[in-house]
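Welcome, and thanks for taking a look at this one.

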Amino acid sequence: WDAVHAGTGESQYSGTVEIGTTASGGGFELTDGERGGHKTYDLKNGSSGTGTLFTDDDDKWGDGTPNDPATAAVDAAYGAGATWDYYEQVHGRSGIKGDGVGAYSRVHYGNNYVNAFWTDSCFCMTYGDGAGNAAPLTSLDVAAHEMTHGVTSVTAGLVYSGESGGLNEATSDIFATAVEFHANSEDDVPDYLIGEKIDINGDGSPLRHMDEPSKDGSSEDYWYDGIGNVDVHYSSGVANHFFYLLSEGSGAKEINGVSYDSPTHDGEPVTGIGIEKAEQIWFKALTQYMTSTTDYAAAREATLEAASELYGADSAEYQGVDRAWAAVNVS
Ligand code: ASN
Ligand code: ZN
Ligand code: CA
């Protein structure tokens, strides 16, 4: 993507990137004038308030490593910009609320903090620096995941517990992946994995796998009665698996050098319709048909309605949605 007012950043996870900046006081500040004025702040290991807006003299930001505090800001700003561009270019939505107004990001939260999060009350995203302050949680998919919590909050408003909570979490993983494919960076090759760059497990494995969520040891591959009692980051597996199957189909497949092998509950195959149609169906379902209490059965209805509206009730896309839900035991 191209920012009109662009600084150059050396990111930790996505190579050399353009970030939107604004001239200020003879230098530059990390305010993206092209994307609703999205700002990126330095918490300097604090855990409250807004922190200090990042500034730079020559509009060249970060050094690609955690040694420079601006590096995490580059990744966070790039992620917010790429996510903004995705929603605008793919779904015609300008900003989280669709009102053209940016949110803001805070980096260097706390010490050795191994998480990132969205907060409704500040309308902002916050990123920890990871273990040993060496692996900030600022990769593109993590940024898009957190920003999507804002979109979910102002649209369906899926309650963050029970089955609706799993759908809320899955929506963030689904659009995190869609953003990654849309950005299509050669320095951050798109995949159906979440958090593959932040090494949160310390063994190089990703945080989550959409083709077979149970590969992480905790996530659910299939719906069952009572799944609403498990952590929303694990019950999300059912919808992540649905989305992978709808996009790519079941069985063994290699995409951009990564091997996937997606199973089905009934052992019958699923044929994918492609991620670009699958993400349109999920977005329409989220923004028009899901509500705060939508559960898995209702999510199936919502996506079937969306597929019917977009592609027709007799379409292969509609059949694909029906088939992919059956394959994760939702019918
Ligand atoms: N990174 C987590 C998430 O977005 C943070 C949390 O669990 N609140 O779901
Ligand atoms: Zn989340
Ligand atoms: Ca990913």
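How far apart are the axes of helix α3 (residues 162–183) and helix α6 (residues 275–289), and at what angle do they cross? In this predicted model, the two axes come within 11 Å and cross at roughly 140°.

**Helix α3 and its two partners**

- The crossing of α3 with α6 is left-handed.
- On the α3 side, the residues that meet α6 are Thr171, Ile174, Ala178 and Phe181. Their counterparts in α6 are Ile275, Glu279, Trp282 and Leu286.
- Sorted by class, this contact of α3 with α6 holds 6 nonpolar residues, 1 polar and 1 charged.
- Helix α5 (residues 237–248) also packs with α3: their axes come within 8 Å, and the crossing angle is roughly 40°.
- Angles under 35 degrees count as roughly parallel, and α3 and α5 are therefore oblique to each other.
- The α3 and α5 crossing is right-handed, whereas that of α3 and α6 is left-handed.
- From α3, Gly166, Leu167, Ala170, Asp173 and Ile174 take part in meeting α5. From α5 come Val238, Ala239, Asn240 and Phe243.
- By class, the residues of the α3 and α5 contact divide into 6 nonpolar, 2 polar and 1 charged.
- Ile174 is worth a click in your viewer: this α3 residue is listed in the contact with α6 and also in the contact with α5.

**Helices α7 and α8**

- Helix α7 (residues 296–311) and helix α8 (residues 316–327) have axes 8 Å apart and pack at an angle of about 165°.
- Since angles over 145 degrees fall in that class, α7 and α8 are therefore roughly antiparallel to each other.
- Their crossing is right-handed.
- α7 contributes Arg300, Thr303, Leu304, Ala307, Ser308 and Tyr311 to the contact. α8 contributes Glu317, Tyr318, Val321, Asp322 and Trp325.
- The class make-up of this contact is 6 nonpolar, 2 polar and 3 charged residues.

- An open sheet of 3 strands has the order β2-β1-β9, and its pairing is mixed.
- β2 (16–20) and β9 (60–61) stand at the edges with a single partner strand each, so one side of each is left without a neighbour in the sheet.
- Strand β1 (residues 6–10) pairs with β9 in the parallel sense over 2 bridges, and Gly9 stands opposite Trp61 in β9.
- Helix α1 (residues 70–91) packs on this sheet and touches β1, β2 and β9. The direction of α1 makes about 70° with that of β2.

**The antiparallel sheet**

- Another open sheet of 3 strands runs in the order β3-β4-β8, with antiparallel pairing.
- Why is one side of β3 (22–24) and of β8 (55–56) left without a neighbour in the sheet? Both strands stand at the edges, and each has a single partner strand.
- β3 pairs with strand β4 (residues 27–29) in the antiparallel sense over 3 bridges, with Thr22 opposite Glu29 in β4.

**The β15 and β16 hairpin**

- Strand β15 (residues 251–255) and strand β16 (residues 258–262) run antiparallel and are joined by 5 bridges.
- The two strands form a hairpin with 2 residues between them. In the turn, Asn256 has a positive phi of about 50°.
- Gly251 has Ser262 as its bridge partner in β16, while Glu254 stands opposite Ser259 in β16.

Notes. Residues are numbered from 1 along each chain as its sequence is written. Chains are lettered from A and ligands numbered from 1 in the order in which they are written. This is a predicted model: local features need pLDDT of at least 70, side-chain atom pairs count only at pLDDT 80 or more; totals for chains, interfaces and linings use all residues. Two strands pair if DSSP finds at least two bridges between them. Helices (H or I, at least four residues) and strands (E, at least two) are DSSP runs, numbered from the N terminus. Axes are lines fitted to C-alpha atoms, for helices over the stretch in contact, and angles run from 0 to 180 degrees between N-to-C directions. Angles under 35 degrees count as roughly parallel, over 145 as roughly antiparallel, 65 to 115 as roughly perpendicular and the rest as oblique. A crossing is left-handed if the near helix is turned anticlockwise from the far one by less than a right angle, and right-handed if clockwise. Two residues are in contact if their C-beta atoms, placed from the backbone, lie within 7 Å. Ala, Val, Leu, Ile, Met, Phe, Trp, Tyr, Cys and Pro count as nonpolar, Asp, Glu, Lys and Arg as charged, and the others, Gly among them, as polar.
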